[in-house]
Amino acid sequence: MADRLVISYASRHFADVDWSEKADRWRASFYENGGKVFGTADITRVIPGVTPNPSEALGQDPGLLDRIPRVIFTEDGGLAPVVAELRPSLLLLLESVEVSAEWRGKGVGMRLAVEALRRFAVPGTLAVCYPAPIHDHGPDEPCSYESDDPEVRRPDEEAMAKLRRAWEGHGFAPLTEGVYALRMEP
């Protein structure tokens, strides 16, 4: 895979703005060696104790991260107890993974996203994701895929179950409230 598929990285930087106002986001782009980009992974980096209130920053600049910040951070920007007990030195929040239609369903995007996370990792890194299909919704609308009726399963719920199993296959485990995490070392 190393000879055929390539990952490149780009960061969004904002002039005269610190992390307390905008998230530190990176985009990993996947492409065939010498070819066009066929997928991306967006990753937000948080350094516990250094990054100013991530809850506030991600509230202003959430991207597709709607559930993860609510689960892993307290309102004042500290780590939620379930995360604090893991004592991470770095948090890598996987916002999204997308690949073009011809690459979907093959697990390539997920494998490359995990590799991109590993490249960012330092000792003690905790990678966090919310396995769910990407869909369009307004910034103030909750991202919920589960039906209120236990007898009804929506197509998104089936997709979530498959995605959760796939992420578990890469070592991610449930953290809480549908959010998954993996302790990573470089």
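Me: Which residue of β7 stands opposite Thr125?
Reply: The model is a predicted one. In it, β5 and strand β7 (residues 179-184) pair in the antiparallel sense over five bridges. Across that pairing, the residue of β7 opposite Thr125 is Met184.

Me: In which sense do β4 and β5 pair, parallel or antiparallel?
Reply: Strand β4 covers residues 90-99, and its Leu91 stands opposite Leu126 in β5. The chain gets from β4 to β5 through helix α4 (residues 108-120), in a right-handed β-α-β crossover. The two strands are joined over four bridges, and the sense is parallel.

Me: Why is β5 largely enclosed by the rest of the structure, and how many of its residues are buried?
Reply: Buried here means under 20% relative accessible area. Thr125, Ala127 and Cys129 on one side of β5 are buried, and so are Leu126 and Val128 on the other, leaving both faces covered. Strand β5 (residues 125-129) is largely enclosed because the number of its residues that are buried is five of the five.

Me: What percentage of the residues of the protein count as buried?
Reply: The accessible surface of the protein comes to about 10,200 Å², with 49% of it belonging to carbon and sulfur atoms. Counted by residue, the protein has 186, and the buried share is 43%.

Me: How many helices and strands does the secondary structure of the protein come to?
Reply: From the N terminus on, the order of elements is β-β-β-α-α-α-β-α-β-α-β-β. The totals are five helices and seven strands.

Definitions and conventions: Residues numbered from 1 in each chain as written. Predicted model: local features only at pLDDT ≥ 70, side-chain atom pairs only at ≥ 80, totals over all residues. Heavy atoms only, no water. Buried < 20%, exposed > 50% of the residue type's maximum accessible area, 1.4 Å probe, protein only. Pairing = 2+ DSSP bridges. Right-handed = clockwise from strand over helix to strand, strands pointing away. Areas by Shrake-Rupley, 256 points an atom, 1.4 Å probe, with all protein chains shown as cover.
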